[in-house]
Amino acid sequence: QVQLVESGGGLVQAGGSLRLSCAASRGAFSINAMGWYRQAPGKQRELVARIISGGSTNYADSVKGRFTISRDNAKNTVYLRMDDLKSEDTAVYYCNANIRRILLGDIVEAWGQGTQVTVSP
């Protein structure tokens with residue numbers, strides 16, 4: 001069972017910064033990609049940023065130039081640096097990992113429990 005543990009959410013004023021972290025448990029699996037999604041009240045969950053094992057990244061248009069995703073493969077950890085935060089960034093942020101289970105030979109998605117990010121005007 002893969003577990004993702006998130007940290008780093010909180011309350012910040014508009015224009016401020018936060019860094020989210022997500023650590024994956026170790027086990028008989030390899031991680032193909034990790035990313036961050038968010039869900040605001042009354043809205044669907046949306047992709048914020050994603051990084052694949054080779055290092056390529058993609059971002060939602062709304063966060064390009066403000067957010068940076070990075071990954072430490074040795075620690076099975078992904079980070080999301082969020083700068084110039086806006087009130088519309090307020091949401092619960094979820095870590096996601098696309099994982100290949102070595103023993104079963106399949107690919108599954110794992111999710112963290114979510115961390116609240118609130119940006120005050």
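Reader: Which residue in strand 9 is the bridge partner of Arg-38?

Author: In this predicted model, strand 4 and strand 9 pair in the antiparallel sense, and 10 bridges hold the pairing between them. Strand 4 covers residues 29-39 and strand 9 covers residues 91-101. Within this pairing, the partner of Arg-38 in strand 9 is Tyr-93.

Reader: Which residue in strand 11 does Tyr-93 stand opposite?

Author: Strand 9 also pairs with strand 11, again in the antiparallel sense, and here the pairing runs over three bridges. Strand 11 consists of residues 115-120. The residue in strand 11 that stands opposite Tyr-93 is Thr-115.

Reader: How many residues lie between strand 9 and strand 10 in their hairpin?

Author: Strand 10, residues 106-111, runs antiparallel to strand 9 and is joined to it by six bridges, and in this pairing Ile-99 stands opposite Val-108. The turn of the hairpin contains Gly-105, which has a positive phi of about 70°. The number of residues between the two strands is four.

Reader: How many of the 11 residues of strand 9 are buried?

Author: A residue counts as buried when its relative accessible area is under 20%. By that cut-off strand 9 is mostly covered, and the number of its 11 residues that are buried is eight.

Reader: Which element gives the most residues to the largest nonpolar core?

Author: This core has 30 residues, and those that touch the most other members are Leu-4, Met-34, Trp-36, Leu-80, Met-82 and Tyr-93. Several strands give two or more residues to the core, among them strand 3, strand 4, strand 5 and strand 7. The element that gives the most, with five residues, is strand 9.

Reader: Which glycine takes a positive phi in the hairpin of strand 4 and strand 5?

Author: Strand 4 and strand 5 run antiparallel and are joined by six bridges, with Ala-33 having Ile-52 in strand 5 as its bridge partner. Their hairpin has six residues between the strands, and the glycine there with a positive phi, near 80°, is Gly-42.

Reader: Which residue in strand 6 is the bridge partner of Ala-49?

Author: Strand 5 runs antiparallel to strand 6, and three bridges join them. The hairpin they form has four residues between the strands, and Gly-55 takes a positive phi near 105°. The bridge partner of Ala-49 in strand 6 is Tyr-59.

Reader: Why is one side of strand 1 and of strand 7 left without a neighbour in the sheet?

Author: The open sheet has four strands in the order 1-3-8-7, and their pairing is antiparallel. Strand 1 and strand 7 stand at the edges, so one side of each is left without a neighbour, because each has a single partner strand.

Reader: Is Val-63 buried or exposed?

Author: Val-63 is found in the loop between strand 6 and strand 7. Its relative accessibility is 0%, and because the cut-off for this class is under 20%, Val-63 counts as buried.

Reader: How much space lies in the largest pocket?

Author: The lining includes Gln-1, Val-2, Arg-26, Phe-29, Arg-101 and Val-108. By class, the lining has seven nonpolar, two polar and two charged residues. The space in this pocket is about 190 Å³.

Methods. Residues numbered from 1 in each chain as written. Predicted model: local features only at pLDDT ≥ 70, side-chain atom pairs only at ≥ 80, totals over all residues. Heavy atoms only, no water. Pairing = 2+ DSSP bridges. 1 Å grid on protein atoms, 1.4 Å probe; cavity = no way out; pocket = protein on both sides within 12 Å on 5 of 7 lines; lining within 4 Å. Points joined across faces, edges and corners; volume = space filled by probe spheres on them. Nonpolar A, V, L, I, M, F, W, Y, C, P; charged D, E, K, R; others polar. Core = buried A, V, L, I, M, F, W, Y, C linked by side-chain atoms within 4.5 Å. Buried < 20%, exposed > 50% of the residue type's maximum accessible area, 1.4 Å probe, protein only.
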